[in-house]
Amino acid sequence: MTTYKLLWVDDEIELLKAHILFLEKKGYQVETVTNGYDALDRCAEEAFDLILLDENMPGLSGLETLTRVKELLPTTPVVMVTKSEEEHIMEQAIGAKIADYLIKPVNPTQILLTLKKNIQQKEIVTEHTQSNYQQDFSRLGMQINDASSIEEWKDVYKKLTYWELQLSETESGMQEMLSMQKREANAGFAKFIRKNYMRWMEDPEGRPVMSPDIFKRAVYPLLDKGEKVFLIVIDNFRYDQWRVLLNEIADAFTVEENLYCSILPTATQYARNAIFSGLMPTKIAQMFPDLWVDEDSEEGKNLNEEPLVSTQLERYRRKNTFSYHKINHSGAVEKFVAQIPQLQKNDLNVVVINFIDMLSHARTESLMVRELASNEAAYRSITQSWLRHSAVSELFKALASQDCTVVLTTDHGSIRCYNPIKVIGDRNTNTNLRYKLGKNLSYNPKEVFEIKDPKRAGLPSPNLSTTYIFATQDDFFAYPNNYNYYVQYYKDTFQHGGISMEEMLIPLVTLRGKKR
């Protein structure tokens, strides 16, 4: 058992003997001094796990002692103990970053609570979280086995993400157990998609909300109520990253959270164009050939989003005014924020933010970025830092103060890939690691989800014999040529285009400012 060392500073320390004995019986080692100067001497000689500091002492006051202790031991929690309830003293102590504030007379239980909160919180939280996940493990396993509808799979994914976020904040050894359960869930989810995807494509009215349905289901109903709507599409934005963003903006917005299902391939060219056009890709290619870009084209795959929005509004005979903005850096965000009062005149403002997709690609290509985002928790942390410290934070603050409704979503998520699967294709085969299309693909059908009739799946068919194949779980496609180099380069990278909960079950959130 760990023994924690405390320093108690009080000019009436003799009156606290009973409290000290109580703490020593609980396993704490308590050292005492009667003035601030002695406290500073002890702090200069050794470290303490926590300091209890009287505010009202002769000589060096508690607040003066606090300031100088922080210079010597900046990370040691200090609990101020005082008879005074004067507000200015509390504010000064809080400003000097005390860990807690206790009013005399204190009882032993109060002191024990503050010690546990400030010294042992991490291990107590770890033990509690670990125990709760262990209890939920079997129940969640049964839920994974029994899931047979998209709503049940959303619930599974939400629970797995909840535990992932909880465990990542602890020093628990349960992460591997959770990773195993996530792999099991993604295997089950892939079977579910194989069984239902083609049926969804043939029954647009009966399917769950998918990429072409976003405007119809989430945007038009708000416009019909006369609300001003800002549609923010953060490219490649996973549900766990949304939960991190929620922590940053929850104080400013009321939140209505949902998940929707991306179409296949879960890639920008297909999924985002489907959002903006309200059509499946094959329909875009047929109806607006000038706005569809083939896989083998050198032209950018997402350059026609604004005209696609226009075609959708026209098709639904809507007269709504709208603007479109693509944001790739903080300067563009700042410019957009300055325009918000003017943009309020529009019924709809569409904003695409590309940072997270850029981060994902940079992680693949840069060893330094891969080190910084070494796992999911680190990837989320970089996302959180970006949200907190970039101009995007100002964007959400500005929108929270406006009389508007924000619909926040994405085109797809991504999954961290580990397992290479061999595929052979001709020189015209696309380069994506999670899906391939071509007329001469060679692969093991048991390892992929294959679509041999692309038209039925709403996908363009460059050739009469085009087949699409999709990687599932944490697989990625690798060519036999330079196989070892290829695998080493792409293993443990975040990819998208295929079938996983992380790629397909993605945020669709409605936000309204609390103070507008």
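Q: Which members of the largest nonpolar core, with its 110 residues, touch the most other members?

A: In soluble globular proteins, nonpolar side chains tend to be buried together. A nonpolar core here is a set of buried Ala, Val, Leu, Ile, Met, Phe, Trp, Tyr and Cys residues joined through side-chain atoms within 4.5 Å, where buried means under 20% relative accessible area with a 1.4 Å probe and protein chains only. In this core the residues touching the most other members are Trp153, Phe189, Tyr197, Ile232, Trp242, Phe276 and Leu408, and helix 8 (residues 175-202) gives the most to it, with 10 residues. The model is predicted, so local features need pLDDT of at least 70 and side-chain atom pairs pLDDT 80 or more, whereas totals for chains, interfaces and linings use all residues. Residues are numbered from 1 along each chain as its sequence is written, and side-chain values use heavy atoms, without hydrogens or water.

Q: What is Trp153 in contact with, leaving aside neighbours within four places in sequence?

A: Contact means heavy atoms within 4.5 Å, and on that basis Trp153 meets Ile144, Ala147, Ala185, Gly188, Phe189, Phe192, Met501 and Leu505.

Q: Where does helix 6 bend, and which of its residues are buried?

A: Helices are DSSP runs (H or I, at least four residues) numbered from the N terminus, and a bend is the angle between axes fitted to the seven residues ending at a residue and the seven starting there. Helix 6 (residues 121-146) bends by about 40° at Phe137. Its buried residues are Thr126, Thr129, Tyr133, Asp136, Leu140, Gly141, Gln143 and Ile144, and these pack against helix 7 (150-168) and helix 8.

Technical notes
Buried < 20%, exposed > 50% of the residue type's maximum accessible area, 1.4 Å probe, protein only. Helix = DSSP H or I, 4+ residues; strand = E, 2+ residues; numbered from the N terminus.
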